[in-house]
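Reader: Please show the model, and then let us go through it by question and answer.

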Amino acid sequence: KPHIIVTSNAGLDKSGLKSGGKATLSYPILRRSKFIHLAEPTVQRQAEILRSEVPLLSAEMCLKCALFVQKMNKLHEMEKSIALSETIGWGRSLALIGANDLTEELVYRTRDDLAKSELDLKRLVGNTRQILSM
């Protein structure tokens, strides 16, 4: 018997529906599926993953980045939450420019690594100062 693993960041429920009510998988596939929810990693774990993927970024900077992303996702309803993959890409950009502290200007310069829509870019830029002051 073949085994297939399907991963998704979407809020798929057992009916096969996600936001908007559009079916994402057929009913026969869904009834044969096992759903496993993996909790989002803690900020500390995200910082560890970031550090392992971007060794040129200091451990302190990795933690600052993970905290920034967590606060942005929790406090400001992003259309597309900033995922760990975006955080890693952002960390690579920060390492390339030699960042050693997280500043408002630095977030602005690298904002395209974090936000994927115009609305999310506006939310990111508009809330960076507040998040960094926390």
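Reader: Is Cys 65 buried or exposed?
Author: This is a predicted model, in which local features need pLDDT of at least 70, side-chain atom pairs count only at pLDDT 80 or more, and totals for chains, interfaces and linings use all residues. Residues are numbered from 1 along each chain as its sequence is written, and side-chain values use heavy atoms, with hydrogens and water left out. Buried means under 20% relative accessible area, exposed over 50%, and partly exposed in between (1.4 Å probe, protein chains only). Cys 65 has a relative accessible area of 0%, so the residue is buried.

Reader: How many disulfides does the structure hold?
Author: A disulfide is a pair of cysteine sulfur atoms within 2.5 Å. The cysteine sulfur closest to that of Cys 62 belongs to Cys 65 and lies 6.5 Å away, too far for a bond. Cys 65 is likewise in no disulfide. The number of disulfides in the structure is zero.

Reader: What is the relative accessibility of Cys 62?
Author: Cys 62 counts as buried. Its relative accessibility is 0%.

Reader: Which pattern does the protein chain follow along the sequence?
Author: Helices (H or I, at least four residues) and strands (E, at least two) are DSSP runs, numbered from the N terminus. The secondary structure comes to six helices and zero strands. Read along the sequence, the pattern is α-α-α-α-α-α.

Reader: Which residues does Leu 94 contact, leaving aside neighbours within four places in sequence?
Author: Contact means heavy atoms within 4.5 Å. Leu 94 is one of the core residues that touch the most other members. With those sequence neighbours left aside, its contacts are Leu 57, Met 61, Cys 65, Ala 99, Leu 102, Leu 106 and Thr 110.

Reader: Why do the buried residues of H2 line one face of the helix?
Author: The buried residues in H2 are Val 43, Gln 46, Ala 47, Ile 49 and Leu 50. Seen down the helix axis, they fall within an arc (taken from the directions from the helix axis to the C-beta atoms) of 160 degrees, so they line one face. Their cover includes helix H3 (59-75) and H4.

Reader: Where is Thr 87?
Author: Thr 87 is buried, with a relative accessible area of 2%. Leaving aside neighbours within four places in sequence, Thr 87 is in contact with Leu 50, Val 69 and Ile 82. Its place is in helix H4 (residues 84-96).

Reader: Which residue forms a salt bridge with Glu 53?
Author: A salt bridge is a side-chain nitrogen of Lys or Arg within 4 Å of a carboxyl oxygen of Asp or Glu. The closest N and O atoms of the pair with Glu 53 are 3.3 Å apart, the partner being Arg 92. The pair links distant parts of the chain, with Glu 53 in helix H2 (residues 43-53) and its partner in helix H4, 39 residues apart.

Reader: About how many helical turns separate Glu 105 and Arg 109?
Author: Glu 105 and Arg 109 form a salt bridge, their closest N and O atoms being 3.8 Å apart. Both residues are exposed. Because they are four residues apart in helix H5 (residues 104-109), the separation is about one helical turn.

Reader: Is Asp 120 buried or exposed?
Author: Asp 120 and Arg 123 meet in a salt bridge of 3.7 Å, N to O. Both lie in helix H6 (residues 118-133), three residues apart. Arg 123 counts as partly exposed at 25% relative accessibility. Asp 120, with a relative accessible area of 0%, is buried.

Notes
A nonpolar core is a set of buried Ala, Val, Leu, Ile, Met, Phe, Trp, Tyr and Cys residues joined through side-chain atoms within 4.5 Å.
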